[in-house]
Amino acid sequence: MSTDNQPHDPNVPNVHDTPEQSQLGRASAYADRYDPSLLFPIARATQREAMGIQAGALPFFGADLWTAFEVSWLNPRGKPQLAIAHFTIPCETPNIIESKSFKLYLNSFNNSTFASVDAVREHLRTDLAEAAWRGSDQTGGIGVKLLTPELFDREPVHEIDGLDLDRLDIECTRYQPAPELLSSDATQVHVNETLTSRLLKSNCLVTGQPDWGSVQIRYSGPPIDQAGLLAYIVSFRNHNEFHEPCAERMFTDIWRQCQPTKLAVYARYTRRGGLDINPFRTSWPQALPANIRTARQ
């Protein structure tokens, strides 16, 4: 591979608690050579602590499932190569990776030469793991799957399964997260339900740009009031927060207010700049959702 691997500058803070330091909302020059230093990790702890989630005592399992639709590099003969990439970043990592920095990093592959698809995959895995676990005394892996063009038609397009909450004709007056809208009826027989909505919208924490998504909520326990749940989902509409803590806020609020015995929250956001982020949080160990694309993606 004809490129230089630039190590992290020790004079730059390892992990950032202030997203405003990132490239979000700024004019950015696109690197034309592979550059892992572009990745910008942001500590999860700040927003988790604001929700009452203590470090080392997460109330959920899960991962952030990213899809990159614009991945390209050069083979040794200079011919461009293409792939769709799926990334699995465990929720236990101390950092999220700011999305614009992720895009700039992926774009740095465009004019760089790699010997094989395996070489690209290994660089992605190594660089993303370093950024996601940076500043921690623990280490772990990042899942990376590259699909080359002959596999593109195997990518499913499928709506999230479940009972559609959007069918309800409700009045909506709250546009900041309002957990008091949530309730369940402990006098009723416990149920197992999967509920969905396409009306999830939040805004980027830094730029204020809208982030559109669908959400699936699976639970066991006393029946949750569906109208209140839909109004709660809508209440994120003017809320400024990254995708990952939005999903964690939903999980935490439903868990506390409705007291299910099991709960899983899966948010699928539409992609921006060829990259989507899909957080999944669950109260019990289970397989991660399959990589799918919804019609809105």
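**Notebook: cavity, pocket and helix pairs**

**Entry 1, the cavity.** I listed the residues that line the largest cavity: Ile-42, Ala-43, Arg-44, Gln-47, Arg-48, Met-51, Ile-96, Glu-244, Pro-245 and Glu-248. I am working from a predicted model. I looked up how many cavities of 30 Å³ or more the structure holds, and there is one. About 70 Å³ of space lies in it.

Next I asked which elements supply the lining. Strand 1 (41–43), helix 1 and helix 5 (243–258) each give at least two residues. Helix 5 has the largest share, with three residues. I then sorted the lining by class. I noted five nonpolar residues, one polar and four charged.

I turned to the largest pocket, which holds about 400 Å³ of space. Its lining counts 20 residues. Which of them lie nearest the centre of the pocket? I found Ala-45, Ala-55, Glu-92, Thr-93 and Pro-94 there. Helix 1 (residues 45–50) gives the most to this lining, with three residues. By class I recorded eight nonpolar, seven polar and five charged residues.

I went back to helix 5 for its packing partner. Helix 4 (residues 226–234) packs with helix 5 at an angle of about 150°, and their axes are 12 Å apart. An angle over 145 degrees counts as roughly antiparallel, so I noted helix 4 as roughly antiparallel to helix 5. The crossing is right-handed.

Which residues meet here? From helix 4 I listed Leu-229, Tyr-232 and Ile-233. From helix 5 I listed Arg-249, Met-250, Asp-253 and Ile-254. I classed the residues of this contact as five nonpolar, no polar and two charged.

Helix 2 spans residues 99–107 and helix 3 spans residues 117–132. I read an angle of about 150° between them, with the axes 12 Å apart. Helix 2 and helix 3 are therefore roughly antiparallel to each other, by that cut-off. I noted their crossing as right-handed.

For the contact, I wrote down Phe-102, Tyr-105 and Leu-106 on the helix 2 side. On the helix 3 side I wrote down His-123, Leu-124, Asp-127 and Leu-128. The class count came to five nonpolar, one polar and one charged residues.

Methods:
Residues are numbered from 1 along each chain as its sequence is written. This is a predicted model: local features need pLDDT of at least 70, side-chain atom pairs count only at pLDDT 80 or more; totals for chains, interfaces and linings use all residues. Side-chain values use heavy atoms; hydrogens and water are left out. Axes are lines fitted to C-alpha atoms, for helices over the stretch in contact, and angles run from 0 to 180 degrees between N-to-C directions. Helices (H or I, at least four residues) and strands (E, at least two) are DSSP runs, numbered from the N terminus. Angles under 35 degrees count as roughly parallel, over 145 as roughly antiparallel, 65 to 115 as roughly perpendicular and the rest as oblique. A crossing is left-handed if the near helix is turned anticlockwise from the far one by less than a right angle, and right-handed if clockwise. Contact means heavy atoms within 4.5 Å. Ala, Val, Leu, Ile, Met, Phe, Trp, Tyr, Cys and Pro count as nonpolar, Asp, Glu, Lys and Arg as charged, and the others, Gly among them, as polar. On a 1 Å grid over the protein atoms alone, a cavity is a set of points where a 1.4 Å probe fits but cannot get out, and a pocket is an open set with protein on both sides within 12 Å along at least five of seven lines; lining residues have an atom within 4 Å of a point. Grid points are joined across faces, edges and corners, and a volume is the space filled by probe spheres set on the points.
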